[in-house]
Amino acid sequence: MATNLQKMLADLRVSHTPKSLPKRRLKVLNTYLDTTLKEIQVAHQQGASGTHIVQALTQRMDTLIGALYEEGVAAKGHSPSRYTVLAQGGYGRGALNPRSDIDLLFLFEKKVEEGDLVTRMILHTLWDLRFEVGYSTRTLSECVIAAQEDTDSLTSMLEARHLVGNKNLAQELENVLAKRFFGRKARGFINSKVQERTRRHSRAGFSVQLLEPNIKESPGGLRDTHSVGWFLKARRGLKAPEGLLDDHILTKRNYKLYVDALNFLLRTRNALHFHTQKPIDVLEHDLQPIVSKSLGYTDSDGELGVEHFMRDYY
């Protein structure tokens with residue numbers, strides 16, 4: 001699919017005039033996005049796991065950004081030698097939900113190239129396609145400064161994943177962050193994230209039993225699984241969830257329980273996003289019967305399907 005999309009865009013540049021190209025180009029890109037999203041939604045409706053769906057959505061975005069990068073390189077006339085684009089946040093984890101925002105880091109080695117054509121090609125097209133994009137444009141040294149000054153920036157870069165451009169530069173960023181902030185030096189970062197989690201749980205009264213839980217932020221929600229991943233990567237350099245098993249932190253039985261719970265949360269969030277077509281994470285009372293039905297819960301003697309669903313959630 002990646003090669004096909006790149007080829008279609010390359011053919012358009014040859015066959016269309018500068019006046020007709022932008023409109024036709026956006027139509028091709030929207031067709032790709034609509035077609036692939038429908039395929040992914042069908043897989044969700046047929047019972048695909050939450051993990052499978054978020055990985056498919058991530059691959060869909062990787063393909064798009066790869067094609068846009070090649071367009072930018074073609075327009076520029078050469079590949080930027082010391083430049084790379086990385087995914088951050090949920091996108092960096094490879095776990096995009098249907099309405100997740102797209103978090104990107106445009107990384108230059110020593111000096112940011114203002115008005116860089118490749119960067120503009122990627123960003124402006126994503127905006128034209130109505131994606132919510134969070135991004136930063138930095139050098140390696142600026143990344144270190146941001147990491148020192150802001151835990152959120154450090155967290156985002158902890159999860160950074162190479163997309164396009166110079167892989168060695170992406171690896172240099174990972175190496176310098178690991179040397180300065182992680183491993184045996186991770187205590188400050190971990191303490192900060194523990195305090196952050198405590199404040200978040202406090203706002204919910206430290207209770208899982210909320211009438212309208214936030215799938216992402218409430219106690220026991222996806223943000224807590226993110227915390228597990230941050231701690232595991234910062235302290236031991238391992239990726240979640242598989243690192244929990246590989247490093248013998250969880251037994252095989254408990255690892256399966258953890259993965260099953262994670263899949264349930266992801267599948268629930270996918271259902272919520274698909275139904276509302278919005279980045280909504282609160283499982284509101286009126287939405288609970290709709291989501292539960294879409295996930296296959298049915299009424300039985302003595303218990304409504306939505307009651308069974310919420311019991312499983314808690």
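**Entry 1: nonpolar cores**

I began with the largest nonpolar core, which has 39 residues, and found that Met 61, Leu 64, Tyr 91, Leu 104, Ile 122, Leu 126 and Phe 131 touch the most other members. I took a nonpolar core as a set of buried Ala, Val, Leu, Ile, Met, Phe, Trp, Tyr and Cys residues joined through side-chain atoms within 4.5 Å. Buried stands for under 20% relative accessible area, exposed for over 50%, and partly exposed for what lies in between (1.4 Å probe, protein chains only).

I note that the model is predicted, that local features need pLDDT of at least 70 and side-chain atom pairs count only at pLDDT 80 or more, whereas totals for chains, interfaces and linings use all residues. Residues are numbered from 1 along each chain as its sequence is written, and side-chain values use heavy atoms, with hydrogens and water left out.

I then listed the elements that give this core two or more residues: α1 (2-15), α2, α3, β1 (83-88), β2 (102-108), α5 (117-128) and β4 (161-165). Helix α3 provides the largest share, nine residues. Helices (H or I, at least four residues) and strands (E, at least two) are DSSP runs, numbered from the N terminus.

For Met 61, I left aside neighbours within four places in sequence and found contacts with Tyr 91, Leu 96, Ile 102, Leu 126 and Phe 131; contact here means heavy atoms within 4.5 Å.

**Entry 2: second largest pocket**

I looked up the second largest pocket and recorded a volume of about 520 Å³. Its lining has 22 residues, of which Pro 98, Arg 99, Leu 129, Arg 130 and Phe 131 are the closest to its centre. On a 1 Å grid over the protein atoms alone, a pocket is an open set of points where a 1.4 Å probe fits, with protein on both sides within 12 Å along at least five of seven lines; lining residues have an atom within 4 Å of a point. Grid points are joined across faces, edges and corners, and the volume is the space filled by probe spheres set on them.

Helices α2 (21-45) and α3 (50-76) each supply at least two lining residues, and α2 gives the most, with five. By class I recorded 10 nonpolar, four polar and eight charged residues. Pro counts as nonpolar in this scheme, Asp, Glu, Lys and Arg as charged, and Gly as polar.

**Entry 3: salt bridges**

A search of the whole structure returned 17 salt bridges, each a side-chain nitrogen of Lys or Arg within 4 Å of a carboxyl oxygen of Asp or Glu.

Arg 200 is in helix α9 (residues 187-203) and Glu 217 in the loop between α9 and α10 (222-236), 17 residues apart. Arg 200 is buried at 6% relative accessible area, whereas Glu 217 is partly exposed at 27%.

With Asp 224, the closest N and O atoms of Arg 200 are 3.0 Å apart. Arg 200 lies in α9 and Asp 224 in α10, so this pair ties together parts 24 residues apart in sequence. Asp 224 is buried, at 14%.

I also recorded a salt bridge between Arg 236 and Asp 247 (2.4 Å, N to O).
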